[in-house]
Amino acid sequence: EGYLYIGMGDGGWFGDPYNNGQDLTTLHGTILRIDVDTVSAALNYGIPVDNPFVADTLDFRDEIYAYGFRNPWRFSFDPYTNSCWIADVGQDLYEEIDILESGGNYGWKIKEGTHCYAVTPCDDPSLIDPVIEYPNPSGGASVVGGPVYRGASIPSLQGTVLYSDFYTGELWGITWDSDTAEAESTLFAVESGRY
């Protein structure tokens, strides 16, 4: 579509102390979507007219496409399905992989993954749960998002969402049927403590 998507962390050190992940008046904790080929009077870029908060009458930032992220560190688009896969780095206990939805609220800091974080109960149906989450191994974790494999060299991986972890170095894959994760498998493992 020709727009630029930008992942923004929540801007806090621990536990999102400013609640930026749920604040639509800040750019923190969001995925932004802007038009770099258009310059508006007030900005060096344009705002796509179909961004989800363009028509609001509040002070919501029009650049925001989705929110409720802690640290959407790596994400990629699958050119076959036009879906965007996001690796959102967790706070304490869980790392997650999400699929981008326009206007979606991914729950941080109400939830970390599918688990309550700052609010109990946290079973709000408007919050989007991750496709996959995994617990932080002892010593920390940091999910690294990869592409959806569409190459010809390894036919068995066709359509597999690849992701890894900065600390463990393991490589995982997810197959997806548009509603649920069909399978998650370890594609490459390293000896403990080796990177």
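Modeller: One cut-off before we start. Buried means under 20% relative accessible area, exposed means over 50%, and partly exposed lies in between. Note also that this is a predicted model.

Biologist: How many helices and how many strands does the secondary structure of the protein come to?

Modeller: Read the elements from the N terminus on: they run β-β-β-β-β-β-β-β-β-β-β-β-β. The count for the protein is therefore zero helices and 13 strands.

Biologist: What share of the residues of the protein count as buried?

Modeller: The protein exposes about 10,400 Å², and carbon and sulfur atoms supply 53% of that area. The protein has 195 residues. The share that count as buried is 44%.

Biologist: Among contacts between residues at least 6 apart in sequence, what percentage join residues at least 24 apart?

Modeller: Contact here means heavy atoms within 4.5 Å. Take the contacts in the protein between residues at least 6 apart in sequence; the part joining residues at least 24 apart is 50%.

Biologist: Which are the edge strands of the open sheet of three strands?

Modeller: The strand order in this sheet is β1-β2-β3, with antiparallel pairing. An edge strand pairs on one side only, and that holds for β1 (4-8) and β3 (64-67). Neighbouring strands are turned by 20° against each other on average, direction ignored. The edge strands are β1 and β3.

Biologist: Which residue in β3 is the bridge partner of Ile31?

Modeller: Strand β2 covers residues 30-34 and runs antiparallel to β3, joined by three bridges. In β3, the bridge partner of Ile31 is Ala66.

Biologist: Which residues is Asn71 in contact with, leaving aside its neighbours within four places in sequence?

Modeller: Asn71 lies in the loop between β3 and β4 (72-78). Its relative accessible area is 28%, so Asn71 is partly exposed. The C-alpha atoms of Asn71 and Thr30 are separated by 8.5 Å, though 41 residues apart along the chain. Neighbours within four places aside, the contacts of Asn71 are Gly9, Ala87, Asp88 and Val89.

Biologist: What is the average twist from one strand to the next in the open sheet of four strands?

Modeller: This sheet has the order β4-β5-β6-β9, with antiparallel pairing. Its edge strands are β4 and β9, each pairing on one side only. From one strand to the next, the twist averages 15°.

Biologist: Which residue in β6 does Trp85 stand opposite?

Modeller: Strand β5 (residues 83-88) pairs with β6 in the antiparallel sense over four bridges. In β6, Trp85 stands opposite Ile99.

Biologist: How many residues apart in sequence are the parts that the pair of Tyr134 and Trp172 ties together?

Modeller: A search of the whole structure finds 11 aromatic pairs. The pair of Tyr134 and Trp172 is tilted, at 4.9 Å centre to centre and 50° between the planes. Tyr134 lies in strand β9 (residues 132-135) and Trp172 in strand β12 (residues 171-176), so the pair ties together parts separated in sequence by 38 residues.

Biologist: Is Cys122 buried or exposed?

Modeller: Cys116 and Cys122 are joined by a disulfide, S to S 2.1 Å. The angle about the S-S bond is -90°, and the link is left-handed. Cys116 is partly exposed, with a relative accessible area of 37%. Cys122 has 7% relative accessibility, under the 20% cut-off, so Cys122 counts as buried.

Biologist: Which residues is Lys111 in contact with, leaving aside its neighbours within four places in sequence?

Modeller: Lys111 is found in strand β7 (residues 111-112). Its relative accessible area is 7%, so Lys111 is buried. Neighbours within four places aside, the contacts of Lys111 are Cys116, Tyr117, Cys122, Leu127 and Asp129.

Terms used. Residues numbered from 1 in each chain as written. Predicted model: local features only at pLDDT ≥ 70, side-chain atom pairs only at ≥ 80, totals over all residues. Heavy atoms only, no water. Disulfide = S-S within 2.5 Å. Buried < 20%, exposed > 50% of the residue type's maximum accessible area, 1.4 Å probe, protein only. Helix = DSSP H or I, 4+ residues; strand = E, 2+ residues; numbered from the N terminus. Phe/Tyr/Trp six-rings, centres within 6.5 Å; stacked < 30°, edge-to-face > 60°. Pairing = 2+ DSSP bridges. Axes fitted to C-alpha atoms, helices over the stretch in contact; angles between N-to-C directions. Areas by Shrake-Rupley, 256 points an atom, 1.4 Å probe, with all protein chains shown as cover.
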